Amino acid sequence: MSTLPPCPKCQSEYTYEDADQLVCPECGHEWKAGSETETTTEDTRVIKDANGAVLADGDTVTVIKDLKVKGSSLVVKVGTKVRNIRLVDGDHDIDCKIDGIGAMKLKSEFVKKA
């Protein structure tokens, strides 16, 4: 039976030692031996708007640039308020619904927190 601690990220019991670090083969997480209570703050991504304000799920933002909607002739105008945003991973950081247009993905660099 292994005396190594489970992975702090995914709780896998199949961890192994590599020099002075512990490694999880399931998620690839590496951490120093003896720091099992480590939090996974390095994995949390902070998304900021064009002015540097930190965004969170449920925030209201305002569009700061005219944005063409790909595949249609619609344009999201400057000053359009977008309510109840949802932050996601990927190239486009924000999932939202815009009145008159529908569901969209936006980049955080084109919005400011209202």
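The structure is a predicted model, in which local features need pLDDT of at least 70 and side-chain atom pairs count only at pLDDT 80 or more, while totals for chains, interfaces and linings use all residues. Residues are numbered from 1 along each chain as its sequence is written, and side-chain values use heavy atoms, with hydrogens and water left out.

Thr15 is located in the segment before strand E1 (16–18); strands here are DSSP runs of at least two residues, numbered from the N terminus. Thr15 counts as buried because its relative accessibility is 8%, where buried means under 20% relative accessible area (1.4 Å probe, protein chains only). Leaving aside residues up to four places away in sequence, Thr15 touches Leu4, Pro5, Pro6, Cys7, Val23, Cys24, Pro25 and Trp31 (contact: heavy atoms within 4.5 Å).

Three strands form an open sheet in the order E8-E9-E10, with antiparallel pairing. Its edge strands are E8 (86–87) and E10, each of which pairs on one side only. Two strands pair if DSSP finds at least two bridges between them. E8 and E9 are joined by two bridges, and Arg86 stands opposite Asp95 in E9. Between E9 (residues 94–98) and E10 there are five bridges, again in an antiparallel arrangement, and Asp95 has Lys105 of E10 as its bridge partner. The hairpin of E9 and E10 has three residues between the strands, and in it Gly100 takes a positive phi near 85 degrees.

The largest pocket has a volume of about 260 Å³. A pocket is an open set of points on a 1 Å grid over the protein atoms alone where a 1.4 Å probe fits, with protein on both sides within 12 Å along at least five of seven lines; lining residues have an atom within 4 Å of a point. The volume is the space filled by probe spheres set on the points. The lining consists of Leu67, Lys68, Val69, Lys70, His92, Met104, Lys105, Leu106, Lys107 and Phe110. By class, the lining has five nonpolar, one polar and four charged residues.

How values were computed:
Ala, Val, Leu, Ile, Met, Phe, Trp, Tyr, Cys and Pro count as nonpolar, Asp, Glu, Lys and Arg as charged, and the others, Gly among them, as polar. Helices (H or I, at least four residues) and strands (E, at least two) are DSSP runs, numbered from the N terminus. Buried means under 20% relative accessible area, exposed over 50%, partly exposed in between (1.4 Å probe, protein chains only).
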